[in-house]
Amino acid sequence: MVLICIVLIQISFLIVPILSQNRNSPCTTPTRENGRCIPVKSCKIITDALASGTSEAIRFAQQSQCGYDSVPLVCCGTRSVQQQDGDIFSHRLLPNRNVCGIEITNDRIVGGTSTDIDEFPWLVLLRYLDDFGDDAGFRCGGSLINERYILTAAHCVIVNRNQGISLNSVRLGEWRLSTNRDCIGQISLQKCAGPVVDVGVDTTVPHPRYNARSRDNDIGLVRMQRSVGFTDYIKPICLPSPNASPSSPGINMMVAGWGSTENASNSDVKQKVSVPIVSSTDCARRIGRRGTITDNQLCAGGVQGKDSCQGDSGGPLMKILEQSANIQWIQEGVISWGIGCGVVGYPGVYTRVSRYSTWIVDNML
């Protein structure tokens with residue numbers, strides 16, 4: 001009883017009357033359930049969550065508030081933040097769904113089209129140096145997942161050591177490679193991005209079971225030397241819940257990057273293309289002896305002229321997050337390998353991120 005009293009006192013300071021729903025009116029909880037807007041002291045889910053004393057529970061209570069009519073009101077359901085079936089959106093090291101995967105907007109991606117200047121603001125470029133310390137250019141991509149970490153492919157952080165180059169820095173907020181400042185539109189009505197941000201690499205964390213021969217477990221993390229602030233042009237993408245079910249064959253995903261275009265040159269502007277999911281069985285049949293497909297991988301593409309390619313490695317395979325009020329993106333895969341570029345009948349192979357969601361947060365400091 002003493003603990004509950006303390007919790008209720010704490011809630012009274014945490015929850016402020018910023019919303020105006022009426023008592024007992026229908027509402028939607030942070031766990032996306034249908035709930036009722038009731039006094040906080042009557043919602044056992046909230047009081048039990050706050051009894052844990054965690055920052056996640058406090059944030060959950062704040063996000064649950066729905067009004068005030070002499071006492072704080074919360075949208076009360078049946079599931080708390082600790083009961084979201086492995087959902088990692090509430091993990092203290094990851095941005096929540098109010099932040100991740102949201103963009104303002106409404107040549108190497110084969111068959112791709114140029115993105116808008118603020119589209120996919122989580123895409124990053126990985127820059128390498130050769131053995132003499134000279135610039136070896138951008139060789140891989142990745143995605144920003146919080147203020148300090150980049151998600152990419154394992155082969156982007158370890159295989160290149162055998163090629164006489166090593167990962168040196170990360171570029172965020174880029175759109176057009178050839179310009180110092182990215183702008184679109186006529187001079188009088190120009191829309192310009194903020195300056196790009198180059199950050200050195202602190203450490204890299206390739207998956208310990210990455211197999212260069214089979215390409216299994218081709219996933220890794222890059223810890224930058226410092227944290228970066230979020231802007232309209234630099235934002236994190238959402239990650240899937242651990243072991244979430246893969247998308248059904250035929251569902252379209254999005255890939256984006258600056259890798260090789262149809263004429264084998266790198267794109268100056270960030271490109272995008274939609275590719276359909278291919279079943280693992282069909283993918284394995286098409287690829288044949290070129291490689292195997294494990295439960296840690298998924299396939300997409302195989303459509304003439306539409307694919308990810310060299311230079312896009314480590315970048316995200318994305319889909320729009322369902323049941324989101326805004327256009328919000330979640331990362332389904334990491335670009336891993338393929339046969340050729342945009343060759344009909346040969347899908348690209350991607351590391352399935354949901355198989356590693358727990359590993360990702362466990363390896364972030």
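Predicted model: local features only at pLDDT ≥ 70, side-chain atom pairs only at ≥ 80, totals over all residues.

Colleague: Okay, what does Asp282 pair with, and how far apart are the closest N and O atoms?

Modeller: Asp282 forms a salt bridge with Arg285, with the closest N and O atoms 2.3 Å apart. Both residues sit in helix α5, which covers residues 280-287. They are three residues apart, about one turn of the helix.

Colleague: And Arg285, buried or exposed?

Modeller: Exposed. The cut-off for that is over 50%, and Arg285 has 60% relative accessibility, so it counts as exposed.

Colleague: What about Lys319, which residue is its salt-bridge partner?

Modeller: That's Glu332, and the closest N and O atoms are 4.0 Å apart. This pair links distant parts of the chain: Lys319 is in strand β17 (residues 316-320) and Glu332 in strand β18 (residues 329-337), 13 residues apart. Lys319 is buried, and Glu332 is buried as well.

Colleague: Which residues are linked in a network of salt bridges?

Modeller: Arg171, Glu174 and Asp198 are linked that way. Within it, Arg171 and Glu174 have their closest N and O atoms 2.9 Å apart. Both Arg171 and Glu174 are buried.

Colleague: Switching topic: the sheets. Which strands close into a barrel, and in what order?

Modeller: Six strands do, in the order β6-β7-β8-β13-β12-β9, with antiparallel pairing. On average, neighbouring strands of this sheet are turned by 45° against each other, direction ignored.

Colleague: Zoom in on β7 and β8 for me. How many bridges do they pair over?

Modeller: Two. Strand β7 takes in residues 135-144 and strand β8 residues 149-152, and they pair in the antiparallel sense. For Ser143, the bridge partner in β8 is Leu151.

Colleague: Last one, His207. Where is it?

Modeller: His207 is in the loop between β12 (197-206) and β13 (220-224). Those two strands are also part of the barrel order.

Colleague: Why is His207 called buried?

Modeller: Because its relative accessible area is 5%, and buried means under 20%.

Terms used: Residues numbered from 1 in each chain as written. Heavy atoms only, no water. Pairing = 2+ DSSP bridges. Helix = DSSP H or I, 4+ residues; strand = E, 2+ residues; numbered from the N terminus. Axes fitted to C-alpha atoms, helices over the stretch in contact; angles between N-to-C directions. Buried < 20%, exposed > 50% of the residue type's maximum accessible area, 1.4 Å probe, protein only. Salt bridge = Lys/Arg side-chain N within 4 Å of Asp/Glu carboxyl O.
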